[in-house]
Amino acid sequence: MELINAIGRRKSAVARVYLSESEGTGKIIINKVELEKYFPSAILQYVVKQPLTALGVEGKYDIKVNLDGGGFTGQSQALRLAIARALVKVNADDKKTLKDKGFLTRDSRAVERKKPGQPKARRHFQFSKR
């Protein structure tokens with residue numbers, strides 16, 4: 001049994017994926033909790049499973065995940081990137097399919113820092129001439 005690991009990041013979320021290369025049951029365990037319990041929202045479950053669905057290997061691999069940092073949306077997108085990278089390590093022929101769908105691109109957008117003398121990153125205090 002070969003374990004393949006990959007990492008995915010989004011905003012401040014980090015996902016470390018351990019994918020069992022041998023035939024599995026299709027379970028996704030996140031921080032020792034099942035996917036359906038960790039992400040109760042159907043939309044977030046869909047986001048996580050997108051790379052598996054694109055290749056048609058939903059029930060083929062067992063995936064164990066360590067997730068930390070960020071919110072639920074950032075975590076789900078970090079996990080999607082990590083799963084896609086792990087699938088490319090399993091079969092390099094799938095890279096083109098995943099890249100075309102945008103699952104291998106790291107979304108580097110993060111929160112802009114707050115500047116001094118302003119209430120937020122871009123918002124300014126109201127200007128008063130007199």
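Buried means under 20% relative accessible area. Arg10 has 8% relative accessibility, so Arg10 counts as buried. The model is predicted. The structure holds 7 salt bridges. Arg10 belongs to a network of them, together with Asp107 and Arg109.

**Arg10 and its surroundings**

- Arg10 lies in strand E1, which covers residues 3–10.
- The side chain of Arg10 makes a polar contact of 2.8 Å with the side chain of Gln77.
- Beyond its neighbours within four places in sequence, Arg10 is in contact with Gly74, Gln77, Ala78, Arg106, Asp107 and Arg109.
- Two of these contacts, Asp107 and Arg109, are also linked with Arg10 in a network of salt bridges.
- Gly74 and Ala78 are among the buried residues of H3.

- Strand E2 (residues 13–20) runs antiparallel to E5, and 6 bridges join the two.
- Within that pairing, Arg16 stands opposite Asn66.
- Strand E3 (residues 28–30) runs parallel to E5, joined by 3 bridges.
- Ile29 has Lys64 as its bridge partner in E5.

- Arg16 forms a salt bridge with Asp68, and the closest N and O atoms are 3.1 Å apart.
- This pair links distant parts of the chain: Arg16 is in strand E2 and Asp68 in strand E5, 52 residues apart.
- Arg16 is partly exposed because its relative accessible area is 32%.
- Asp68 has 37% relative accessibility, so Asp68 also counts as partly exposed.

- Asp100 and Lys96 meet through their side chains in a salt bridge of 3.1 Å, N to O.
- Both residues lie in helix H4 (residues 95–101).
- They are 4 residues apart, about one turn of the helix.
- An α-helix has 3.6 residues a turn, so residues three or four places apart point the same way.
- Asp100 has a relative accessible area of 57%, so Asp100 is exposed.
- Lys96 is at 57% relative accessibility and therefore counts as exposed.

- Glu112 and Arg122 meet through their side chains in a salt bridge of 2.9 Å, N to O.
- The pair links distant parts of the chain, 10 residues apart, with Glu112 and Arg122 each in the segment after H4.
- Glu112 is partly exposed because its relative accessible area is 37%.
- Arg122 is exposed because its relative accessible area is 65%.
- Side chains of opposite charge can pair when their charged atoms come close.

- Helix H3 covers residues 72–90, 19 residues in total.
- From its first C-alpha to its last, H3 reaches 27 Å, close to the 27 Å expected at 1.5 Å a residue.
- The buried residues of H3 include Leu79, Leu81, Ile83, Leu87 and Val88.
- Gln75 and Ser76 are also among the buried residues of H3.
- Ile43 is placed in helix H2 (residues 42–55).
- Ile43 has 62% relative accessibility, so Ile43 counts as exposed.
- Ile43 and Thr73 are 30 residues apart along the chain, and their C-alpha atoms are separated by 9.7 Å.

**Positive phi angles**

- Most residues other than glycine have a negative phi, and most peptide bonds are trans.
- Lys11 has a positive phi, near 55°, and is a residue other than glycine.
- Lys11 is in the loop between E1 and E2.
- Asn31 also has a positive phi, about 50°, although Asn31 is not a glycine.
- Asn31 is in the loop between E3 and strand E4 (33–34).
- Asn31 is partly exposed because its relative accessible area is 30%.

Key
Residues numbered from 1 in each chain as written. Predicted model: local features only at pLDDT ≥ 70, side-chain atom pairs only at ≥ 80, totals over all residues. Heavy atoms only, no water. Buried < 20%, exposed > 50% of the residue type's maximum accessible area, 1.4 Å probe, protein only. Polar contact = N/O pair within 3.5 Å; in protein donor to acceptor, adjacent residues only side chain to side chain. Contact = heavy atoms within 4.5 Å. Pairing = 2+ DSSP bridges. Expected span 1.5 Å × (residues − 1). Salt bridge = Lys/Arg side-chain N within 4 Å of Asp/Glu carboxyl O.
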